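Subject: Structure handover

Hi,

Here is the structure I promised to pass on. Please open it alongside this note.

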Amino acid sequence: MAGAGASAKAGAVAETGAEAKAGAAAKAATPAPAPRTYPEPDEDAVIDLAGVTVTRSGNDLLQEVDWQVREDERWVVLGPNGAGKTTLLSVAAARLHPTRGRVAILGEQLGKVDVFELRPRIGLSSASLAERIPADETVSDVVLTAAYAVLGRFTEEYDAVDASRGRTLLAQFGVDHLAARLYGTLSEGERKRVQIARALMTDPEVLMLDEPAAGLDLGGREDLVRRLSTLASDPAAPALVLVTHHVEEIPPGITHALLLREGAVVAAGPLAEALTAETLSKTFGLDLRLDQQDGRYSARAC
Ligand SMILES: Nc1ncnc2c1ncn2[C@@H]1O[C@H](COP(=O)(O)OP(=O)(O)OP(=O)(O)O)[C@@H](O)[C@H]1O
Ligand SMILES: [Mg+2]
């Protein structure tokens, strides 16, 4: 072993002479990779990402992600902690510009559109948005203020149509009886439902939910999955993107899946093709068995 190490060292020393010069010349002659050109955005796509890369502190949070979501599609985004799901949603919801790549949302290209006009067309519910909801706001105001893309009611005037829509959405998620309650007094499950009602308030063309079932008990999760399934199965409902860690939380009605690991897409496409024991195992880095019954999924280690 010592001999092999020595000869490798000797090789390295020899390279400091003419060979190293030749090496440098060869390197200089290697053409730099051509910058990637992106196809024109698909006009029918609600979300159209091409080569999206997000780099922070030298790490790629997302690597060359290509993804298209169409109007009638309902997507689940699956991946372990830190895979880049929230980062992906932030880009797709016009909250974050990528380091590289082309992003088109609802036919508008990021960088060429006023994001403040674009954002009300996208319903987003995430833990970071939820944290900013004032505890002393009434539930009905939490939903109503979405119409003005603000949190915290000040002097805005809301018309009766808005109030009635807010009430209908609260009813759709089974929390209309809480309309007069202060948001801070709600349970985690009740808050989640109010957050989704808020995300739907602007009648968005796409709805993005980041871990809507996180922190819910079994009954709360099942109730939410049922309501999301009703939404996903409604042809009049907006395109849907749902982020989760758990296949058990995929509501029947979801049509497509994107699986993410370390910022890269493992699989993306129609649910039955993209979500398999193999792709799921690769995504989570362990051997998993995937079962499906009555439109619901479950997974466990082999
Ligand atoms: N501003 C930042 N600077 C450096 N790293 C960051 C930054 N923001 C996020 N990250 C890292 O990027 C990775 C992806 O984060 P992201 O929140 O998108 O993951 P996630 O898939 O949503 O994870 P989780 O399932 O835990 O919510 C994580 O490792 C996170 O620590
Ligand atoms: Mg996340």
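Below is what turned up, starting with the ligand and moving on to the strands.

Bear in mind that this is a predicted model.

**Ligand 1**

The shell around ligand 1 consists of R56, S57, L61, G79, N81, G82, A83, G84, K85, T86, T87 and H245. By class, eight of these residues are polar, two are nonpolar and two are charged. Helix α3, residues 85-92, is the top contributor to this shell. It supplies three residues.

**Helix α3**

α3 is largely enclosed by the rest of the structure, because seven of its eight residues are buried. Those seven are K85, T87, L88, L89, S90, V91 and A92. K85 and T87 also belong to the shell around ligand 1. After α3 comes A94, which has a positive phi, near 60 degrees.

**Strands**

Strand β1 covers residues 45-56, and strand β2 covers residues 59-70. The two run antiparallel and are joined by eight bridges. Together they form a hairpin, with two residues between the strands. One to check is S57 in the turn: its phi is positive, at about 50 degrees. S57 also sits in the shell around ligand 1.

β1 has another antiparallel partner in strand β4, residues 100-105. Five bridges join β1 to β4.

Which residues stand opposite I47 in these two pairings? In β2, the residue facing I47 is V69. In β4, I105 stands opposite I47.

Best wishes

Notes. Residues numbered from 1 in each chain as written. Chains lettered and ligands numbered in written order. Predicted model: local features only at pLDDT ≥ 70, side-chain atom pairs only at ≥ 80, totals over all residues. Near = placed C-beta within 6 Å. Helix = DSSP H or I, 4+ residues; strand = E, 2+ residues; numbered from the N terminus. Nonpolar A, V, L, I, M, F, W, Y, C, P; charged D, E, K, R; others polar. Buried ≥ 20, exposed ≤ 12 C-beta atoms within 10 Å, placed from the backbone. Pairing = 2+ DSSP bridges.
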